[in-house]
Amino acid sequence: MSKTSLHTRRIVISALFLAIALVLRTFARVDIPIFGESGMRISFHGIFSIMPSILFGPVYGAMVSGLTDMMGHFISPTGAWLPQLTVVAAAGGFIRGWLWIGLKKRGTKTLRTVLVCVGVVSVLTGGYHLYALNRDGITRDFYENIEEKVCFAGLPEGASRPLPDGSFCWEVDTVRTEHTDANGNVFYRVYETIYVGRIVNEQWGLSGLRVIVERYNDEGRFTRSVDVNASHVSTAGLRWISRMAVTRSFGTVGQTGVLGEFITLTTWTMIGVGGFVLLLLLLDIAVRKALKKYEPLPHTLALVLAMMIPAILVSTHNTWVMRQTILTSWQVLPFVVVWLPRVVQSVATTTINVFFVTMLIGLCEKQPHIKNLLRK
């Protein structure tokens with residue numbers, strides 16, 4: 001079979017999958033509102049838009065996924081068309097095909113071993129971090145339970161930094177310098193007020209100085225930041241992860257929020273990632289058990305990974321874009337609040353898609369005319 005004939009047949013079959021996907025996307029879907037916006041859609045058209053990337057490779061997957069998103073929008077529009085979503089959908093199809101080609105060459109035992117190691121290590125690491133932070137008293141309300149004194153005693157002549165012993169704190173007088181440019185025009189450079197606060201937490205052994213700088217420019221814009229070079233904190237006696245949490249959040253204005261994000265990232269996020277990886281292993285076992293009568297079965301674990309990873313990446317990106325553009329009401333909510341239900345829906349839908357795609361692959365491999373078109 002010539003290359004031209006091969007590509008032509010692949011394009012024809014891909015177009016068939018595209019047509020089925022568009023019909024399902026248009027007439028067999030359920031739109032679910034999230035926080036007052038139509039931000040989540042349940043549809044299984046992905047079963048057919050996924051097939052070209054698995055059967056014929058990443059290029060065909062990118063074309064069909066991108067066209068499904070773009071044509072599906074114009075056939076049944078639900079708002080403004082965002083080209084970046086179409087580009088990311090195409091990228092997801094490409095990544096899916098690329099991952100499938102690479103992962104199916106790896107043995108099932110090898111992939112399972114790697115996933116077990118990653119999952120167990122992530123869960124244990126997150127669990128230890130949670131234990132260590134709680135034992136050291138590093139919780140979300142940590143900074144609300146410490147003493148912070150901000151004194152306005154006047155800055156001693158020539159002093160510009162806190163004294164090393166941290167015995168007192170002060171306010172630098174507001175400074176605004178006047179300058180004249182080459183044309184004789186008068187302008188003002190940034191002027192600032194510096195507050196130096198001594199922070200002490202005897203219960204957990206935290207002590208130090210935090211220097212807060214408030215600046216106003218000539219246009220009246222206001223900023224508030226922490227002078228990291230002048231600020232310092234002692235965390236002797238804390239565990240490694242606790243010292244890192246305090247050190248990274250101490251030199252910020254929103255200390256409580258930054259500390260909370262750090263705690264979540266190093267504990268529950270790691271536990272969640274590890275648990276999700278182990279869940280993928282269970283999904284692989286369930287797929288093989290449910291479809292054992294369909295022979296030959298593809299490398300199901302590779303298929304699970306190749307389908308799940310792009311689905312999560314695309315869902316995450318689309319949530320961020322929609323939040324920043326057409327669904328601006330979501331901006332009052334933390335990103336994770338609107339992201340979590342969408343990614344859960346994406347994972348659940350992809351799980352169902354895996355079953356059907358596995359069956360379709362098996363059926364295609366039994367058809368001699370289609371089997372000759374598959375990418376090896």
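Biologist: What does the accessible surface of the protein come to, and what share of it belongs to carbon and sulfur atoms?
Modeller: Bearing in mind that this is a predicted model, the accessible surface comes to about 20200 Å², and carbon and sulfur atoms hold 62% of that.

Biologist: And how many helices and strands are there?
Modeller: There are 11 helices and nine strands, and of the 376 residues in the protein, 41% are buried.

Biologist: Let's take helix α1, then. What does it reach from its first C-alpha to its last?
Modeller: Helix α1 covers residues 3-27, and its 25 residues reach 36 Å, which is close to the 36 Å expected at 1.5 Å a residue.

Biologist: What do the buried residues of α1 pack against?
Modeller: The buried set, which includes L6, I13, F17 and L22 as well as R10 and R25, packs against the strands β1 (29-34) and β2 (37-43) and against the helices α2 (46-56), α3 (58-75) and α11 (368-371).

Biologist: Changing topic: is S315 buried or exposed?
Modeller: S315, which sits in helix α9 (residues 300-324), counts as buried because its relative accessible area is 7%, and buried means under 20%.

Biologist: Which residues does it touch, leaving out those up to four places away in sequence?
Modeller: With those left out, S315 touches R342, V343 and S346.

Biologist: How many disulfides turn up in the whole structure?
Modeller: A search of the whole structure finds zero disulfides; as for individual cysteines, C117 is partly exposed at 45% relative accessible area, whereas C364 counts as buried at 10%.

Notes. Residues are numbered from 1 along each chain as its sequence is written. This is a predicted model: local features need pLDDT of at least 70, side-chain atom pairs count only at pLDDT 80 or more; totals for chains, interfaces and linings use all residues. Side-chain values use heavy atoms; hydrogens and water are left out. Helices (H or I, at least four residues) and strands (E, at least two) are DSSP runs, numbered from the N terminus. Buried means under 20% relative accessible area, exposed over 50%, partly exposed in between (1.4 Å probe, protein chains only). Contact means heavy atoms within 4.5 Å. The expected span of a helix is 1.5 Å times one less than its number of residues. A disulfide is a pair of cysteine sulfur atoms within 2.5 Å. Accessible areas come from the Shrake-Rupley method with a 1.4 Å probe; for residues, only the protein chains shown count as cover.
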